[in-house]
Protein chains: 2
Amino acid sequence: MHALIVYAHPEPRSFNGAMKDRAVATLESMGWVVEVSDLHAMSFDPLPRRTDFADPENADFFKYQAEQAHAATLENGFAPDIRAELDKLLRAELLILQFPLWWFSVPAILKGWVDRVFAMGVIYGGDVGFYSRGRLRGRRAMLAFTTGGPPEMYGTTGLNGRVDVVLWPLQNGVLNFVGYDVLPHFHAPGPARADDATRAAMLDAWGHRLREIDRTPKLEFHPLDDFDAEAGWTLKPGIKGRTVGQTGTG
Amino acid sequence: MHALIVYAHPEPRSFNGAMKDRAVATLESMGWVVEVSDLHAMSFDPLPRRTDFADPENADFFKYQAEQAHAATLENGFAPDIRAELDKLLRAELLILQFPLWWFSVPAILKGWVDRVFAMGVIYGGDVGFYSRGRLRGRRAMLAFTTGGPPEMYGTTGLNGRVDVVLWPLQNGVLNFVGYDVLPHFHAPGPARADDATRAAMLDAWGHRLREIDRTPKLEFHPLDDFDAEAGWTLKPGIKGRTVGQTGTG
């Protein structure tokens, strides 16, 4: 069983780095083969470029997703750095995104990894399908992140807003979109201002979460069959919205 | 009155490019001085680097926000490209982010613009304050974006989820967080598959939105005074949650 940890922090001795190391050690002790994409150490390029494609379909008008879909039909259509990440992704039964929550989202380098690697025609779209028919269906993925603020700020009355709202674009729009079973996120609040014992306890809790991974229920999202494609992909009549994104009410 | 349009699309002849051009023309016809940060044309670097800071506080441990706060105390603490963007931002009474919605968010190059330019100690944090006490309070900002899918997919029963949930990290976590009055977004759905008349009508609607900008009510967010800092920044007793982020219910 292969796991892939995509890790995005510019400081190797950061708490995010320690979480990445703990995940590698824990999963390996459980028998997983773990690969890590350390995006800063790799100097991963987060920007879409024409050179991402060996044989562009349209050299005059640069539409990234169309070029991805075209490259997917060729033998070696993608630049080597994208192909290498795709190979890791397609080997992995478990994907962990490890990052500091910056501006309620992933840092730019990790957003660029998604923009470039989750390629139309390979991971979703066209014949591949999306959401519960996405290429990565049946596999598991989760977010693991640090914040500056405490958990209360991400509660239902918290200043930053409910965590399921804050994470919706990542959990539904990235992970669920390509078919993953999405496991609950792991949130390490305020490691920069925590004492050593608190930091150690957070790392232990993270290790425990990973050891329990086969007994962790996935988040609930509506399956694609709940939606009517002919009605603009809206919930079919009689299906009650159960997620924060699809409440069914204005 | 200065406006700043931060534009993130790699193809100049894209519909996003046309929206940017229409916004420049419309706002200039209304008497605004318009500046554009065309991130791809500028080859804007979206990644946090040690070289972003002239005189780092801690050369051994790279904590980006701490270095931002330190640089804010110096005369010329930031790298020239960050300083140039900060100057444009601080001149502008109106900020428009113009982008294709990729993976329910901004492309990496625009995320990196936020990560690097919305600097702690300058735009928020420390003595500056955040949310309704943020540095950019009293100014206006809005999102203008394209999607592949139709608007129904972003409705309350849509497959992608309610648009106010999808946009919460950007509208609350980026724009409201630094004090802006957030104007309703402008969504141009499916321009790549639309005919010329539909595309022209969308551009006209965009121009109309901008001409009505002084009569456009801002989105409602809770002011900072609604929250109790001593209780982890949660809504004070008796304040009823009114946004999708702060519902007050589990």
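Two salt bridges cross the interface of chain A and chain B, a salt bridge being a side-chain nitrogen of Lys or Arg within 4 Å of a carboxyl oxygen of Asp or Glu. In one of them Glu11(A) pairs with Arg50(B), with 3.4 Å between the closest N and O atoms. The model is predicted, so local features need pLDDT of at least 70 and side-chain atom pairs count only at pLDDT 80 or more, while totals for chains, interfaces and linings use all residues. Residues are numbered from 1 along each chain as its sequence is written, chains are lettered from A in the order in which they are written, and side-chain values use heavy atoms, with hydrogens and water left out.

Between chain A and chain B, 34 residue pairs, both at pLDDT 80 or more, are in polar contact. A polar contact is a pair of N or O atoms within 3.5 Å; within protein, one must be able to donate a hydrogen and the other to accept it, and residues adjacent in sequence count only if both atoms are side-chain atoms.

Chain A brings 67 residues to the contact and chain B 67 residues, where contact means heavy atoms within 4.5 Å. The two chains bury about 5400 Å² between them, 66% of it on carbon and sulfur atoms; buried area is the accessible area (1.4 Å probe) that two parts lose on being put together, summed over both. Of the area that chain A buries against chain B, 17% comes from Trp102(A), Trp103(A) and Leu159(A), more than from any other three residues.

The model also has three cavities of 30 Å³ or more. A cavity is a set of points on a 1 Å grid over the protein atoms alone where a 1.4 Å probe fits but cannot get out, and lining residues have an atom within 4 Å of a point. Grid points are joined across faces, edges and corners, and a volume is the space filled by probe spheres set on the points.

The largest cavity has a volume of about 120 Å³. Its lining has 16 residues, and those nearest its centre are Trp103(A), Ser105(A), Ser105(B), Val106(B) and Leu170(B).

The second largest cavity holds about 60 Å³. Among its lining residues are Leu97(A), Ser105(A), Lys111(A), Leu170(A), Trp103(B) and Ser105(B).

Methods:
1 Å grid on protein atoms, 1.4 Å probe; cavity = no way out; pocket = protein on both sides within 12 Å on 5 of 7 lines; lining within 4 Å.
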